[in-house]
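Thanks for coming, everyone. Please look at the model on the screen while I talk.

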Number of protein chains: 2
Amino acid sequence: MKVSLIQQEFKGNKKDTVKHTVEMIEKSNGELVILQELHQNEYFCKCEDTKYFSYAEDFEKDVKFWAEVSRKKNIVLVTSLFEKVMDGIYYNSAVVFDRGRVAGKYRKTHIPDDPGFYEKFYFTPGDEIEPIDTSVGKLGVLVCWDQWYPEPARIMALKGAEILIYPTAIGWLMCPEERLDELCEKENNKQEKEKMLNAWISVQRGHAVANGVYVIAVNRVGKEKDESGCLGGIEFWGNSFVFGPQGEEITRGGLKEEIIEVDIDLENAKEIRKIWPFFRDRRIELYECIKNRYC
Amino acid sequence: MKVSLIQQEFKGNKKDTVKHTVEMIEKSNGELVILQELHQNEYFCKCEDTKYFSYAEDFEKDVKFWAEVSRKKNIVLVTSLFEKVMDGIYYNSAVVFDRGRVAGKYRKTHIPDDPGFYEKFYFTPGDEIEPIDTSVGKLGVLVCWDQWYPEPARIMALKGAEILIYPTAIGWLMCPEERLDELCEKENNKQEKEKMLNAWISVQRGHAVANGVYVIAVNRVGKEKDESGCLGGIEFWGNSFVFGPQGEEITRGGLKEEIIEVDIDLENAKEIRKIWPFFRDRRIELYECIKNRYC
């Protein structure tokens with residue numbers, strides 16, 4: 001199966017950004033096409049501002065729009081949208097379309113809150129970790145911060161997910177010139193930046209091995225200023241990737257916009273699980289502690 | 001704190017092997033010294049033969065011996081011994097000594113059974129995942145096959161382990177000349193070998209990131225023939241390593257015997273957990289499925 005990862009930058013407004021995304025989808029050759037986290041807009045969680053809730057008002061319209069894109073191109077399409085369900089409840093939702101039909105939805109369950117990533121202000125945490133059945137396989141769609149947790153990855157695999165998919169928006173904090181303090185300096189240190197990027201790759205690569213599944217992350221690129229002026233903004237680090245069921249790197253993007261395309265073989269993952277039978281030997285009677293905050 | 005990883009080969013019999021290990025310990029400079037899995041003997045699980053149970057008969061004597069080694073050198077010493085508790089119950093036990101005293105014991109909980117690694121024949125699974133308190137910190141000692149599982153790593157971290165330590169015996173299957181069949185050929189393919197080694201490294205590196213802890217594995221080296229003649233034997237792949245709490249590679253050994261020494265800074269891991277606060281955001285109410293075989 002051919003998979004296309006659309007790694008892109010924000011084009012200044014929703015209209016131009018969506019137009020560009022659709023053009024990239026048109027150029028792509030995948031049966032399964034994956035977009036990055038909150039791909040319609042800038043990554044607005046760089047600061048806490050109520051004005052951004054308006055982005056969620058068009059959720060129903062957005063769903064119709066992307067359904068139509070997936071129908072026209074005859075693809076399975078993983079999108080990432082800002083969903084309003086009522087005043088005061090907003091989700092960071094990955095909606096999956098299967099050749100025109102809504103196949104399912106995953107609402108981000110693990111929500112970060114760190115300088116430049118103020119997501120707890122915007123997003124109600126989702127309460128379900130369920131794979132989504134599509135014509136190309138059972139997709140374990142999770143979102144960004146979820147990727148740092150072995151638990152949702154494991155749960156998706158135990159529920160039959162054949163691929164883990166993470167739409168993502170992650171990058172390095174940029175320093176505003178007037179605030180070159182210690183934290184900023186540390187963030188701007190080349191070695192520290194590499195460490196962060198590698199940590200992000202490593203933890204997901206680990207999920208691939210532990211669960212004998214393909215793992216795909218699609219990340220944003222480009223620099224986005226923090227409009228509040230409190231922080232400098234974020235330089236999204238791209239590096240969208242596909243790892244195989246032994247953690248082998250199948251492809252990895254760079255720091256620029258690109259369509260990353262690979263063939264993956266889901267049958268291969270099934271063979272791997274026969275000779276690396278980790279699921280067989282889990283000691284579930286000893287895992288109670290995992291359901292606690294700490295033990 | 002300085003840590004020494006003793007990566008060694010089997011010297012033909014227990015006496016010579018232990019003598020060599022003690023010499024390596026004498027040369028080492030770590031306050032914490034870690035030995036590989038079942039370091040006193042050959043890796044006998046290459047075939048199923050009742051004669052090897054005799055290796056567990058001297059467990060009490062072995063404990064006294066290694067306690068004395070740790071007392072003399074004034075170190076914390078992680079050993080890996082074959083433990084008999086009664087006829088029919090034998091454990092693969094990591095015994096940790098703290099300057100002469102037994103600090104604690106971990107009995108391998110996840111037991112493999114694959115061609116060349118017939119451990120279910122020999123080992124009763126341990127029923128406790130608990131870190132061991134020592135004068136150099138709280139050690140999350142696990143053993144080999146455990147390393148492929150995010151659950152024991154997570155449990156150790158939730159229970160306060162500051163370092164995960166995996167004594168290990170893993171390698172590539174060697175082909176007997178008379179049996180160059182397809183499985184053997186696959187095992188001997190250079191690319192497949194790299195994939196396996198990298199999978200082993202990747203999954204443990206993932207534990208370091210997910211849990212913000214140091215991860216140390218000490219693996220055996222050398223080729224050991226399968227005495228039963230059923231399989232060719234195992235070429236143990238060494239590559240003992242230390243990863244930091246962001247998954248950064250601090251050191252990695254090669255395919256030969258060596259004492260690998262590094263300084264690690266446990267305070268650093270504490271700082272990392274402040275800015276990468278994964279433990280804060282776990283969604284424990286959604287993790288029930290992890291306690292099931294499958295969901």
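Start with the two chains. Chain A superposes on chain B by a rotation of 180 degrees with 0.0 Å of shift along its axis, RMSD 0.0 Å. So the two copies are related as by a two-fold rotation axis. The superposition is by least squares on the C-alpha atoms of residues with pLDDT of at least 70 in both copies. In chain A, the residue closest to the rotation axis is A:Gly206, its C-alpha at 2.3 Å.

A word on ground rules. This is a predicted model: local features need pLDDT of at least 70, side-chain atom pairs count only at pLDDT 80 or more, and totals for chains, interfaces and linings use all residues. Residues are numbered from 1 along each chain as its sequence is written, chains are lettered from A and ligands numbered from 1 in the order written, and side-chain values use heavy atoms, without hydrogens and water.

Now helix 6 of chain B, residues 266-275. Helices here are DSSP runs of H or I, at least four residues; strands are runs of E, at least two; both are numbered from the N terminus. Which residues of helix 6 of chain B are buried? B:Leu266, B:Ala269 and B:Ile272 are. Buried means under 20% relative accessible area, with a 1.4 Å probe and protein chains only. Down the helix axis, the buried residues fall within an arc of 100 degrees, so they line one face of helix 6 of chain B. The arc is taken from directions from the helix axis to the C-beta atoms. Their cover includes strand 8 (163-168) and strand 10 (214-219) of chain B.

Methods: Buried < 20%, exposed > 50% of the residue type's maximum accessible area, 1.4 Å probe, protein only. Contact = heavy atoms within 4.5 Å.
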